[in-house]
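Please walk through this structure with the sequence at hand.

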Amino acid sequence: MMVYPNPFNNTLQVNYDFPTRQDNPRLVLTDILGRELKEIKLTSQSDNVSINTSDLPKGTIIVSLYGGQNMISKKVIKID
């Protein structure tokens with residue numbers, strides 16, 4: 001998974017590619033305290049997703065990619 005740009009303003013790009021078919025794949029954005037800010041259900045095994053983040057607070061955001069039993073997380077910083 002690639003997440004860019006970092007730092008970012010109002011749009012975040014996420015590139016992902018699952019090597020095998022996954023159950024209930026999704027992206028979850030949380031704050032540093034673990035509170036869920038946004039969830040995006042994924043419909044493809046690989047894609048480039050553009051996320052509108054204008055409604056998110058500035059600060060550290062954790063982007064987690066879930067697929068089956070697997071999870072990958074990246075930290076990014078939202079600036080205004």
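Which residue in β5 is the bridge partner of Val14? The model is predicted, and in it Val14 is bridged to Val49 of β5.

Strand β2 covers residues 11-17. Its pairing with β5 is antiparallel and runs over seven bridges. The sheet as a whole is open and has three strands, ordered β1-β2-β5, with antiparallel pairing. At its edges are β1, residues 2-4, and β5, residues 46-52, each of which pairs on one side only. On average, neighbouring strands of this sheet are turned by 15° against each other, with direction ignored.

Next comes a residue from another strand. Glu36 belongs to β4, which spans residues 36-41. Leaving aside residues up to four places away in sequence, Glu36 touches Val28, Leu29 and Thr30. How far apart are Glu36 and Asn15 in space, C-alpha to C-alpha? The distance is 20 Å, and the two residues are separated by 21 positions in sequence.

The last topic is the aromatic rings. A pair of such rings is described by two quantities, the distance of the centres and the angle of the planes. With ring centres required to lie within 6.5 Å, the count is one aromatic pair. A ring can also have a charged side chain over it, and here Tyr66 provides the case: Arg26 lies over the face of its ring, at 4.5 Å from the ring centre. The cut-off for such a placement is 6 Å from the ring centre, and the Arg26 distance of 4.5 Å is within it.

How values were computed: Residues numbered from 1 in each chain as written. Predicted model: local features only at pLDDT ≥ 70, side-chain atom pairs only at ≥ 80, totals over all residues. Heavy atoms only, no water. Phe/Tyr/Trp six-rings, centres within 6.5 Å; stacked < 30°, edge-to-face > 60°. Lys NZ or Arg CZ within 6 Å of the ring centre and 35° of its normal. Helix = DSSP H or I, 4+ residues; strand = E, 2+ residues; numbered from the N terminus. Contact = heavy atoms within 4.5 Å. Pairing = 2+ DSSP bridges. Axes fitted to C-alpha atoms, helices over the stretch in contact; angles between N-to-C directions.
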